[in-house]
Amino acid sequence: MSILAIDAGTTGVTAVVVTPDGRIAAKGYQEFAQHFPQPGWVEHSPEEIWQATLEACREVLDRVDRSELKGVGITNQRETVLLWDRETLGSPRRAIVWQDRRTADICSRLREDGHEERVAQLTGLRLDPYFSGTKLAWIAEHEPHTWALVEDGRYAVGTVDSYLVARMTRGLHHVTDVSNACRTLLMDLSTGDWSDELCSLFGVPRDALPDLVPNWGELAVTDPRVFLDLSLPIAGIAGDQQSALFGQTCFDVGDSKCTYGTGSFILTNCGTELPRSDAGLLSTAAWRSPDGKLTYALEGSIFVTGAAVQWLRDGLQIVGSAAETAAIAATVPSAEGVVFVPALTGLGAPHWDPHARGLIIGVTRGTTRAHLVRATLEAIAFEVRDVLETMPASLSSLRVDGGASANDLLCQVQADQVGVPVERPQLVETTALGAAFLAGLGTGVWSSTDDLRETWALDRSFTPGRDRTAYDASHARWREAVERSKGWALV
(Lines give C-alpha, C1' and ligand atoms only; values in the text may rest on other atoms or scores of the structure.)
Protein backbone atom coordinates (compact mmCIF):
# COMPACT_ATOMS: atom_id res chain seq x y z
CA MET A 1 0.00 0.00 0.00
CA SER A 2 1.28 3.46 -0.88
CA ILE A 3 0.05 6.98 -1.61
CA LEU A 4 0.68 9.26 -4.59
CA ALA A 5 1.13 12.80 -3.28
CA ILE A 6 1.12 15.85 -5.55
CA ASP A 7 2.72 19.09 -4.35
CA ALA A 8 1.72 21.82 -6.79
CA GLY A 9 4.07 24.57 -5.69
CA THR A 10 4.82 28.07 -6.91
CA THR A 11 7.62 27.24 -9.31
CA GLY A 12 6.92 23.60 -10.13
CA VAL A 13 5.06 20.40 -9.30
CA THR A 14 6.56 17.60 -7.23
CA ALA A 15 5.05 14.12 -7.20
CA VAL A 16 6.09 11.48 -4.68
CA VAL A 17 5.00 7.98 -3.75
CA VAL A 18 5.02 7.47 0.04
CA THR A 19 5.13 4.03 1.65
CA PRO A 20 3.47 3.06 4.97
CA ASP A 21 6.72 3.60 6.88
CA GLY A 22 6.80 7.24 5.71
CA ARG A 23 9.52 6.67 3.14
CA ILE A 24 9.53 8.29 -0.31
CA ALA A 25 9.77 5.44 -2.82
CA ALA A 26 9.93 7.65 -5.92
CA LYS A 27 9.96 11.35 -6.74
CA GLY A 28 9.32 13.40 -9.87
CA TYR A 29 9.50 17.14 -10.50
CA GLN A 30 8.50 19.44 -13.33
CA GLU A 31 9.06 23.19 -13.33
CA PHE A 32 6.68 25.59 -15.05
CA ALA A 33 7.03 29.15 -16.29
CA GLN A 34 6.65 32.29 -14.20
CA HIS A 35 5.03 35.22 -16.02
CA PHE A 36 5.66 38.85 -15.01
CA PRO A 37 3.55 40.99 -17.37
CA GLN A 38 4.11 44.18 -15.35
CA PRO A 39 6.19 45.17 -12.32
CA GLY A 40 4.58 43.62 -9.25
CA TRP A 41 2.42 41.24 -11.30
CA VAL A 42 2.97 37.47 -11.14
CA GLU A 43 0.96 34.96 -13.19
CA HIS A 44 0.91 31.24 -14.02
CA SER A 45 -0.69 29.41 -16.92
CA PRO A 46 -3.25 26.91 -15.53
CA GLU A 47 -2.61 24.59 -18.46
CA GLU A 48 1.12 24.62 -17.73
CA ILE A 49 0.40 23.72 -14.09
CA TRP A 50 -1.73 20.79 -15.26
CA GLN A 51 0.86 19.57 -17.76
CA ALA A 52 3.59 19.84 -15.12
CA THR A 53 1.40 17.77 -12.79
CA LEU A 54 0.96 15.05 -15.39
CA GLU A 55 4.68 15.01 -16.21
CA ALA A 56 5.78 14.84 -12.55
CA CYS A 57 3.32 12.00 -11.90
CA ARG A 58 4.43 10.08 -15.01
CA GLU A 59 7.99 10.27 -13.76
CA VAL A 60 7.15 8.51 -10.48
CA LEU A 61 4.62 6.08 -11.90
CA ASP A 62 7.31 4.67 -14.17
CA ARG A 63 9.25 3.60 -11.06
CA VAL A 64 6.56 2.07 -8.82
CA ASP A 65 3.94 -0.65 -8.90
CA ARG A 66 0.69 1.15 -9.75
CA SER A 67 -1.37 -1.63 -8.21
CA GLU A 68 0.05 -0.71 -4.79
CA LEU A 69 -1.40 2.83 -4.92
CA LYS A 70 -4.34 3.35 -2.54
CA GLY A 71 -5.09 7.03 -3.10
CA VAL A 72 -3.97 10.52 -4.06
CA GLY A 73 -3.16 13.48 -1.83
CA ILE A 74 -2.92 17.05 -3.11
CA THR A 75 -1.17 20.04 -1.61
CA ASN A 76 -0.70 23.36 -3.33
CA GLN A 77 0.44 26.95 -3.38
CA ARG A 78 -2.30 28.89 -1.64
CA GLU A 79 -4.03 32.23 -2.43
CA THR A 80 -3.37 31.86 -6.18
CA VAL A 81 -6.70 32.11 -8.04
CA LEU A 82 -7.81 30.49 -11.28
CA LEU A 83 -10.86 30.60 -13.52
CA TRP A 84 -11.86 27.73 -15.79
CA ASP A 85 -14.71 26.70 -18.03
CA ARG A 86 -16.82 24.08 -16.28
CA GLU A 87 -17.38 22.19 -19.53
CA THR A 88 -14.08 22.40 -21.41
CA LEU A 89 -11.86 22.96 -18.32
CA GLY A 90 -9.93 25.53 -20.35
CA SER A 91 -8.94 28.76 -18.61
CA PRO A 92 -9.85 32.18 -20.04
CA ARG A 93 -6.87 33.90 -18.39
CA ARG A 94 -3.70 33.15 -16.50
CA ALA A 95 -3.85 32.55 -12.76
CA ILE A 96 -3.04 35.49 -10.49
CA VAL A 97 -0.34 34.22 -8.10
CA TRP A 98 -0.19 34.78 -4.35
CA GLN A 99 2.93 36.95 -4.80
CA ASP A 100 1.07 39.36 -7.10
CA ARG A 101 0.78 42.96 -5.80
CA ARG A 102 -1.62 44.49 -8.34
CA THR A 103 -4.50 44.78 -5.87
CA ALA A 104 -2.75 47.14 -3.42
CA ASP A 105 -5.09 49.97 -4.46
CA ILE A 106 -8.18 47.81 -3.96
CA CYS A 107 -6.94 46.94 -0.48
CA SER A 108 -6.37 50.62 0.30
CA ARG A 109 -9.86 51.48 -0.94
CA LEU A 110 -11.50 48.82 1.21
CA ARG A 111 -9.41 49.93 4.18
CA GLU A 112 -10.40 53.57 3.68
CA ASP A 113 -14.06 52.52 3.47
CA GLY A 114 -13.72 51.01 6.95
CA HIS A 115 -13.89 47.27 6.08
CA GLU A 116 -10.60 46.01 7.50
CA GLU A 117 -11.72 45.41 11.08
CA ARG A 118 -14.76 43.40 10.03
CA VAL A 119 -12.77 41.41 7.46
CA ALA A 120 -10.14 40.60 10.10
CA GLN A 121 -12.83 39.56 12.57
CA LEU A 122 -14.43 37.14 10.11
CA THR A 123 -11.32 35.77 8.39
CA GLY A 124 -8.36 36.20 10.74
CA LEU A 125 -6.57 37.87 7.79
CA ARG A 126 -5.69 41.38 6.66
CA LEU A 127 -6.56 43.42 3.62
CA ASP A 128 -3.45 42.63 1.63
CA PRO A 129 -2.86 41.76 -2.04
CA TYR A 130 -1.56 38.38 -0.82
CA PHE A 131 -5.07 36.98 -0.42
CA SER A 132 -7.40 35.73 -3.12
CA GLY A 133 -10.52 37.85 -2.65
CA THR A 134 -8.96 41.09 -3.88
CA LYS A 135 -7.56 39.28 -6.93
CA LEU A 136 -11.07 38.21 -7.90
CA ALA A 137 -12.36 41.75 -7.30
CA TRP A 138 -9.61 43.00 -9.64
CA ILE A 139 -10.67 40.60 -12.41
CA ALA A 140 -14.30 41.70 -12.01
CA GLU A 141 -13.26 45.36 -12.22
CA HIS A 142 -10.78 45.12 -15.09
CA GLU A 143 -12.10 42.18 -17.15
CA PRO A 144 -15.90 42.53 -17.03
CA HIS A 145 -16.54 40.27 -20.04
CA THR A 146 -14.66 37.42 -18.38
CA TRP A 147 -16.33 38.06 -15.03
CA ALA A 148 -19.79 38.02 -16.65
CA LEU A 149 -19.25 34.35 -17.43
CA VAL A 150 -18.37 33.72 -13.78
CA GLU A 151 -21.64 35.35 -12.77
CA ASP A 152 -23.51 33.34 -15.43
CA GLY A 153 -22.16 30.10 -13.96
CA ARG A 154 -20.04 29.07 -16.94
CA TYR A 155 -16.67 29.75 -15.30
CA ALA A 156 -15.69 28.19 -11.99
CA VAL A 157 -13.50 30.04 -9.48
CA GLY A 158 -10.97 28.23 -7.35
CA THR A 159 -7.51 27.72 -5.97
CA VAL A 160 -4.89 25.37 -7.43
CA ASP A 161 -6.16 22.34 -5.51
CA SER A 162 -9.71 22.73 -6.78
CA TYR A 163 -8.45 23.24 -10.33
CA LEU A 164 -6.39 20.05 -10.18
CA VAL A 165 -9.32 18.08 -8.77
CA ALA A 166 -11.48 19.37 -11.64
CA ARG A 167 -8.87 18.32 -14.20
CA MET A 168 -8.28 14.91 -12.57
CA THR A 169 -12.03 14.14 -12.47
CA ARG A 170 -12.99 15.60 -15.89
CA GLY A 171 -14.87 18.42 -14.20
CA LEU A 172 -17.05 16.15 -12.08
CA HIS A 173 -15.95 17.69 -8.77
CA HIS A 174 -15.54 21.32 -7.70
CA VAL A 175 -14.18 21.11 -4.15
CA THR A 176 -11.64 22.60 -1.77
CA ASP A 177 -10.83 22.38 1.94
CA VAL A 178 -10.75 24.87 4.80
CA SER A 179 -6.97 25.35 4.70
CA ASN A 180 -7.25 26.79 1.19
CA ALA A 181 -10.65 28.42 1.59
CA CYS A 182 -9.59 30.33 4.69
CA ARG A 183 -6.95 32.18 2.64
CA THR A 184 -9.43 33.68 0.17
CA LEU A 185 -10.97 36.41 2.41
CA LEU A 186 -14.29 34.73 1.62
CA MET A 187 -14.57 32.16 4.45
CA ASP A 188 -15.84 32.74 7.97
CA LEU A 189 -13.08 31.24 10.09
CA SER A 190 -15.34 30.54 13.07
CA THR A 191 -17.85 28.47 11.07
CA GLY A 192 -15.53 27.00 8.44
CA ASP A 193 -17.95 27.94 5.66
CA TRP A 194 -18.18 30.52 2.91
CA SER A 195 -19.53 33.86 4.12
CA ASP A 196 -22.35 35.56 2.19
CA GLU A 197 -21.26 38.87 3.72
CA LEU A 198 -17.70 38.52 2.45
CA CYS A 199 -18.77 37.23 -0.97
CA SER A 200 -20.94 40.33 -1.28
CA LEU A 201 -18.13 42.65 -0.18
CA PHE A 202 -15.71 41.28 -2.80
CA GLY A 203 -18.39 40.75 -5.45
CA VAL A 204 -17.83 37.02 -5.80
CA PRO A 205 -20.88 34.82 -6.53
CA ARG A 206 -20.98 32.05 -3.94
CA ASP A 207 -22.17 29.54 -6.55
CA ALA A 208 -18.87 29.95 -8.41
CA LEU A 209 -16.87 28.75 -5.40
CA PRO A 210 -15.98 25.12 -4.62
CA ASP A 211 -17.84 22.97 -2.12
CA LEU A 212 -15.96 22.63 1.18
CA VAL A 213 -14.90 19.09 2.10
CA PRO A 214 -12.86 17.62 5.01
CA ASN A 215 -9.09 17.40 4.69
CA TRP A 216 -9.17 13.60 4.49
CA GLY A 217 -11.62 10.94 3.42
CA GLU A 218 -12.82 9.86 -0.02
CA LEU A 219 -13.29 13.34 -1.49
CA ALA A 220 -13.36 12.51 -5.23
CA VAL A 221 -12.16 9.83 -7.67
CA THR A 222 -9.74 10.37 -10.55
CA ASP A 223 -10.90 9.64 -14.08
CA PRO A 224 -8.44 7.27 -15.83
CA ARG A 225 -9.28 8.80 -19.21
CA VAL A 226 -7.58 12.07 -18.24
CA PHE A 227 -5.30 11.12 -15.35
CA LEU A 228 -2.71 8.61 -16.52
CA ASP A 229 -5.05 5.58 -16.55
CA LEU A 230 -5.55 5.85 -12.79
CA SER A 231 -8.86 5.47 -10.98
CA LEU A 232 -7.97 6.37 -7.40
CA PRO A 233 -9.69 8.19 -4.55
CA ILE A 234 -8.48 11.74 -4.00
CA ALA A 235 -8.38 11.28 -0.24
CA GLY A 236 -6.39 14.22 1.12
CA ILE A 237 -6.23 17.95 0.33
CA ALA A 238 -4.45 20.80 2.13
CA GLY A 239 -2.75 24.07 1.37
CA ASP A 240 1.00 23.71 1.36
CA GLN A 241 1.79 25.26 4.74
CA GLN A 242 -0.89 23.39 6.65
CA SER A 243 0.20 20.25 4.85
CA ALA A 244 3.77 20.81 6.05
CA LEU A 245 2.50 21.29 9.62
CA PHE A 246 0.73 17.93 9.28
CA GLY A 247 3.77 16.34 7.64
CA GLN A 248 5.95 17.49 10.55
CA THR A 249 3.46 15.69 12.85
CA CYS A 250 2.76 18.95 14.72
CA PHE A 251 -0.47 17.57 16.15
CA ASP A 252 -0.23 19.05 19.67
CA VAL A 253 -1.00 22.61 20.74
CA GLY A 254 2.19 24.67 20.59
CA ASP A 255 3.97 22.49 18.03
CA SER A 256 5.63 24.79 15.44
CA LYS A 257 7.35 24.44 12.09
CA CYS A 258 9.04 26.69 9.53
CA THR A 259 8.98 25.78 5.86
CA TYR A 260 11.63 27.37 3.66
CA GLY A 261 10.23 27.52 0.16
CA THR A 262 9.69 30.35 -2.30
CA GLY A 263 8.65 32.20 0.83
CA SER A 264 8.90 31.02 4.41
CA PHE A 265 5.94 30.16 6.56
CA ILE A 266 5.89 29.63 10.30
CA LEU A 267 2.84 27.86 11.73
CA THR A 268 1.97 27.01 15.33
CA ASN A 269 -0.79 24.53 16.18
CA CYS A 270 -3.41 26.29 18.33
CA GLY A 271 -5.89 23.43 18.78
CA THR A 272 -9.65 23.88 18.51
CA GLU A 273 -9.76 27.42 19.94
CA LEU A 274 -9.74 30.17 17.30
CA PRO A 275 -6.60 32.26 18.02
CA ARG A 276 -6.28 36.02 17.55
CA SER A 277 -3.09 38.04 17.11
CA ASP A 278 -2.49 41.77 17.46
CA ALA A 279 1.10 41.42 16.31
CA GLY A 280 0.81 40.85 12.57
CA LEU A 281 0.21 37.09 12.63
CA LEU A 282 -2.64 35.46 10.75
CA SER A 283 -5.29 33.23 12.24
CA THR A 284 -5.85 30.31 9.93
CA ALA A 285 -7.55 26.94 9.65
CA ALA A 286 -5.04 24.11 9.91
CA TRP A 287 -7.34 21.22 8.99
CA ARG A 288 -10.82 19.80 9.47
CA SER A 289 -11.35 16.13 10.26
CA PRO A 290 -14.18 14.08 8.74
CA ASP A 291 -16.17 14.50 11.97
CA GLY A 292 -16.17 18.26 11.39
CA LYS A 293 -13.69 19.28 14.10
CA LEU A 294 -11.60 22.30 13.10
CA THR A 295 -7.98 22.69 14.19
CA TYR A 296 -6.57 26.22 14.01
CA ALA A 297 -3.09 27.70 13.72
CA LEU A 298 -1.30 31.02 13.92
CA GLU A 299 0.80 31.79 10.87
CA GLY A 300 3.57 34.16 9.96
CA SER A 301 3.84 34.48 6.18
CA ILE A 302 7.12 35.71 4.70
CA PHE A 303 6.84 36.32 0.97
CA VAL A 304 10.44 36.05 -0.27
CA THR A 305 13.11 33.75 1.14
CA GLY A 306 13.99 30.95 -1.29
CA ALA A 307 12.90 33.31 -4.07
CA ALA A 308 15.73 35.63 -2.99
CA VAL A 309 18.23 32.83 -3.64
CA GLN A 310 16.50 32.18 -6.96
CA TRP A 311 16.98 35.89 -7.76
CA LEU A 312 20.71 35.60 -7.01
CA ARG A 313 20.80 32.73 -9.50
CA ASP A 314 18.50 33.99 -12.27
CA GLY A 315 18.45 37.75 -11.80
CA LEU A 316 21.96 38.69 -10.70
CA GLN A 317 23.47 35.40 -11.97
CA ILE A 318 26.07 35.38 -9.18
CA VAL A 319 25.38 31.77 -8.14
CA GLY A 320 24.90 28.74 -10.34
CA SER A 321 22.51 26.93 -8.01
CA ALA A 322 20.86 27.27 -4.62
CA ALA A 323 22.89 24.30 -3.38
CA GLU A 324 26.19 26.17 -3.65
CA THR A 325 25.14 29.16 -1.53
CA ALA A 326 26.29 27.58 1.75
CA ALA A 327 29.80 26.98 0.42
CA ILE A 328 30.05 30.47 -1.07
CA ALA A 329 28.74 32.15 2.09
CA ALA A 330 31.12 30.12 4.25
CA THR A 331 34.13 31.67 2.51
CA VAL A 332 33.62 34.85 4.55
CA PRO A 333 33.24 34.96 8.37
CA SER A 334 30.36 37.46 8.18
CA ALA A 335 28.47 39.67 5.75
CA GLU A 336 30.80 42.55 6.79
CA GLY A 337 27.89 44.89 7.51
CA VAL A 338 25.98 44.14 4.28
CA VAL A 339 22.25 43.72 4.86
CA PHE A 340 19.80 42.51 2.22
CA VAL A 341 16.08 43.07 2.78
CA PRO A 342 14.44 40.80 0.16
CA ALA A 343 11.17 42.74 -0.06
CA LEU A 344 10.96 41.86 -3.75
CA THR A 345 7.15 41.59 -3.58
CA GLY A 346 6.58 43.77 -0.53
CA LEU A 347 6.80 42.68 3.10
CA GLY A 348 4.57 40.09 4.76
CA ALA A 349 4.41 39.24 8.45
CA PRO A 350 4.88 40.94 10.78
CA HIS A 351 5.37 44.19 8.83
CA TRP A 352 2.69 43.95 6.11
CA ASP A 353 3.80 46.64 3.68
CA PRO A 354 2.94 45.92 0.03
CA HIS A 355 4.83 49.09 -0.96
CA ALA A 356 8.16 47.97 0.53
CA ARG A 357 10.86 47.06 -1.97
CA GLY A 358 14.12 45.14 -1.86
CA LEU A 359 17.13 46.89 -0.36
CA ILE A 360 20.85 46.11 -0.16
CA ILE A 361 22.74 48.39 2.19
CA GLY A 362 26.22 48.50 3.69
CA VAL A 363 28.04 47.87 0.41
CA THR A 364 31.69 48.96 0.22
CA ARG A 365 34.54 48.53 -2.24
CA GLY A 366 35.43 45.38 -0.37
CA THR A 367 32.02 43.76 -0.79
CA THR A 368 32.06 40.53 -2.80
CA ARG A 369 29.42 38.14 -4.01
CA ALA A 370 30.17 35.97 -0.96
CA HIS A 371 29.09 38.82 1.32
CA LEU A 372 25.84 39.26 -0.62
CA VAL A 373 25.13 35.51 -0.61
CA ARG A 374 25.77 35.37 3.14
CA ALA A 375 23.56 38.43 3.67
CA THR A 376 20.80 36.62 1.76
CA LEU A 377 20.97 33.56 4.02
CA GLU A 378 21.08 35.81 7.09
CA ALA A 379 18.04 37.72 5.82
CA ILE A 380 16.02 34.49 5.74
CA ALA A 381 16.94 33.81 9.37
CA PHE A 382 16.20 37.39 10.39
CA GLU A 383 12.76 37.28 8.75
CA VAL A 384 11.88 34.08 10.61
CA ARG A 385 13.07 35.57 13.91
CA ASP A 386 10.85 38.63 13.32
CA VAL A 387 7.83 36.35 13.07
CA LEU A 388 8.70 34.05 15.97
CA GLU A 389 9.16 37.02 18.30
CA THR A 390 5.49 37.88 17.79
CA MET A 391 4.24 34.37 18.63
CA PRO A 392 2.36 34.30 21.95
CA ALA A 393 4.12 31.21 23.34
CA SER A 394 7.84 30.66 23.72
CA LEU A 395 9.44 27.89 21.68
CA SER A 396 11.42 24.96 22.99
CA SER A 397 12.51 24.01 19.46
CA LEU A 398 11.71 24.77 15.83
CA ARG A 399 11.13 22.08 13.22
CA VAL A 400 12.26 23.11 9.75
CA ASP A 401 11.67 21.73 6.28
CA GLY A 402 11.62 22.74 2.64
CA GLY A 403 14.47 23.01 0.16
CA ALA A 404 16.63 25.53 2.01
CA SER A 405 16.56 23.50 5.23
CA ALA A 406 19.23 21.33 3.60
CA ASN A 407 21.57 24.32 3.97
CA ASP A 408 23.54 23.68 7.18
CA LEU A 409 24.80 27.26 7.40
CA LEU A 410 21.27 28.64 7.20
CA CYS A 411 20.04 26.23 9.88
CA GLN A 412 22.89 27.21 12.20
CA VAL A 413 22.33 30.95 11.66
CA GLN A 414 18.62 30.32 12.27
CA ALA A 415 19.32 28.57 15.58
CA ASP A 416 21.67 31.40 16.60
CA GLN A 417 19.02 34.00 15.85
CA VAL A 418 16.01 32.33 17.50
CA GLY A 419 17.96 30.94 20.45
CA VAL A 420 16.43 27.44 20.43
CA PRO A 421 17.46 24.21 18.70
CA VAL A 422 16.49 23.93 15.06
CA GLU A 423 15.43 20.38 14.22
CA ARG A 424 15.67 19.09 10.67
CA PRO A 425 13.92 15.79 9.89
CA GLN A 426 15.46 13.12 7.72
CA LEU A 427 12.69 13.77 5.21
CA VAL A 428 12.43 17.49 4.38
CA GLU A 429 9.72 17.01 1.71
CA THR A 430 7.17 17.50 4.47
CA THR A 431 4.69 19.43 2.33
CA ALA A 432 4.20 16.46 0.02
CA LEU A 433 4.47 14.12 3.01
CA GLY A 434 1.57 15.93 4.72
CA ALA A 435 -0.62 15.41 1.66
CA ALA A 436 0.32 11.73 1.69
CA PHE A 437 -0.44 11.46 5.41
CA LEU A 438 -3.88 13.02 4.90
CA ALA A 439 -4.69 10.73 1.96
CA GLY A 440 -3.33 7.75 3.91
CA LEU A 441 -5.65 8.53 6.82
CA GLY A 442 -8.47 8.83 4.31
CA THR A 443 -7.78 5.40 2.81
CA GLY A 444 -6.68 3.44 5.87
CA VAL A 445 -2.95 3.26 5.11
CA TRP A 446 -2.52 4.81 8.57
CA SER A 447 -5.14 4.45 11.27
CA SER A 448 -4.30 7.46 13.46
CA THR A 449 -2.00 10.43 13.98
CA ASP A 450 -0.11 8.31 16.51
CA ASP A 451 0.87 6.00 13.66
CA LEU A 452 2.11 9.04 11.72
CA ARG A 453 4.25 10.31 14.61
CA GLU A 454 6.23 7.08 14.51
CA THR A 455 7.39 7.86 10.96
CA TRP A 456 9.09 11.18 11.92
CA ALA A 457 12.88 10.88 12.32
CA LEU A 458 15.47 13.52 13.21
CA ASP A 459 18.32 14.15 10.79
CA ARG A 460 20.18 16.83 12.74
CA SER A 461 19.60 19.32 15.55
CA PHE A 462 21.38 22.69 15.33
CA THR A 463 22.19 24.14 18.76
CA PRO A 464 22.30 27.95 19.11
CA GLY A 465 25.66 29.58 19.84
CA ARG A 466 26.30 31.59 22.98
CA ASP A 467 27.14 35.05 21.64
CA ARG A 468 23.68 36.54 22.14
CA THR A 469 25.06 40.10 22.09
CA ALA A 470 26.42 39.69 18.57
CA TYR A 471 23.28 37.92 17.32
CA ASP A 472 21.03 40.62 18.75
CA ALA A 473 23.18 43.40 17.29
CA SER A 474 23.02 41.92 13.80
CA HIS A 475 19.26 41.55 14.12
CA ALA A 476 18.90 45.17 15.27
CA ARG A 477 20.84 46.31 12.19
CA TRP A 478 18.50 44.20 10.06
CA ARG A 479 15.44 45.86 11.63
CA GLU A 480 16.86 49.29 10.80
CA ALA A 481 17.29 48.23 7.17
CA VAL A 482 13.72 46.91 7.07
CA GLU A 483 12.41 50.31 8.17
CA ARG A 484 14.34 51.97 5.34
CA SER A 485 12.78 49.60 2.77
CA LYS A 486 9.19 50.40 3.71
CA GLY A 487 6.94 52.48 1.49
CA TRP A 488 9.55 52.71 -1.27
CA ALA A 489 7.06 52.12 -4.11
CA LEU A 490 5.18 55.26 -2.99
CA VAL A 491 8.24 57.52 -3.17
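Predicted model: local features only at pLDDT ≥ 70, side-chain atom pairs only at ≥ 80, totals over all residues.
Visitor: In what order do the strands of the open sheet of six strands lie?

Guide: Strands of a sheet pair through backbone hydrogen bonds, either parallel or antiparallel. Strands (E, at least two residues) and helices (H or I, at least four) are DSSP runs, numbered from the N terminus, and two strands pair if DSSP finds at least two bridges between them. Here the order is β3-β2-β1-β5-β14-β13, and the pairing is mixed. The edge strands β3 (24-31) and β13 (216-221) each pair on one side only. Ignoring direction, neighbouring strands of this sheet are turned by 25° against each other on average.

Visitor: How many bridges join β1 to β2?

Guide: Strand β1 (residues 2-8) and β2 run antiparallel and are joined by six bridges. Within β2, Val16 is the bridge partner of Ala5.

Visitor: Which strands of this sheet does α1 touch?

Guide: Contact means heavy atoms within 4.5 Å. Axes are lines fitted to C-alpha atoms, for helices over the stretch in contact, and angles run from 0 to 180 degrees between N-to-C directions. Helix α1 packs on the sheet and touches β1, β2, β3 and β5, its direction making about 150° with that of β3. Helix α9 lies across β5, β13 and β14 (233-239), and runs at about 105° to β14.

Visitor: Is Thr14 buried or exposed?

Guide: Buried means under 20% relative accessible area, exposed over 50%, and partly exposed in between (1.4 Å probe, protein chains only). Thr14, which is found in strand β2 (residues 12-18), has a relative accessible area of 8% and is therefore buried. Not counting residues up to four places away in sequence, Thr14 touches Ala5, Ile6, Asp7, Lys27, Gly28, Tyr29, Ala56 and Glu429.

Visitor: Where does Arg63 lie?

Guide: Arg63 is in the loop between α1 (46-61) and β5 (69-76). With 49% relative accessibility, Arg63 counts as partly exposed. Leaving aside neighbours within four places in sequence, Arg63 is in contact with Ala26, Lys27 and Gly28. A polar contact is a pair of N or O atoms within 3.5 Å; within protein, one must be able to donate a hydrogen and the other to accept it, and residues adjacent in sequence count only if both atoms are side-chain atoms. In this case the side chain of Arg63 reaches the backbone oxygen of Glu59 at 3.2 Å.

Visitor: At what angle do the axes of α9 and α14 cross?

Guide: Angles under 35 degrees count as roughly parallel, over 145 as roughly antiparallel, 65 to 115 as roughly perpendicular and the rest as oblique. The axes of α9 (residues 240-247) and α14 (residues 430-443) cross at roughly 75° and come within 7 Å. The two helices, α9 and α14, are therefore roughly perpendicular to each other. Residues making the contact include Phe246 of α9 and Phe437 of α14.

Visitor: In what order do the strands of the open sheet of seven strands lie?

Guide: The order is β17-β18-β16-β15-β21-β22-β23, with mixed pairing. Its edge strands, β17 and β23 (458-462), each pair on one side only. From one strand to the next, the twist averages 30°. Strands β17 and β18 (residues 294-302) pair in the antiparallel sense over six bridges, and they form a hairpin with five residues between them, where Gly292 in the turn has a positive phi of about 95°. Seven of the seven residues of β17 (residues 282-288) are buried. By contrast in sense, β21 (residues 398-401) and β22 (residues 422-425) run parallel and are joined by two bridges.

Visitor: Why is helix α13 described as largely enclosed?

Guide: Helix α13 (residues 408-418) has nine of its 11 residues buried, so it is largely enclosed by the rest of the structure. Among the buried residues are Leu409, Cys411 and Val418. At the start of α13, a side-chain oxygen of Asn407 reaches to within 3.1 Å of the backbone nitrogen of Leu409. Just after α13, Gly419 takes a positive phi of about 75°.

Technical notes:
Residues numbered from 1 in each chain as written. Heavy atoms only, no water.
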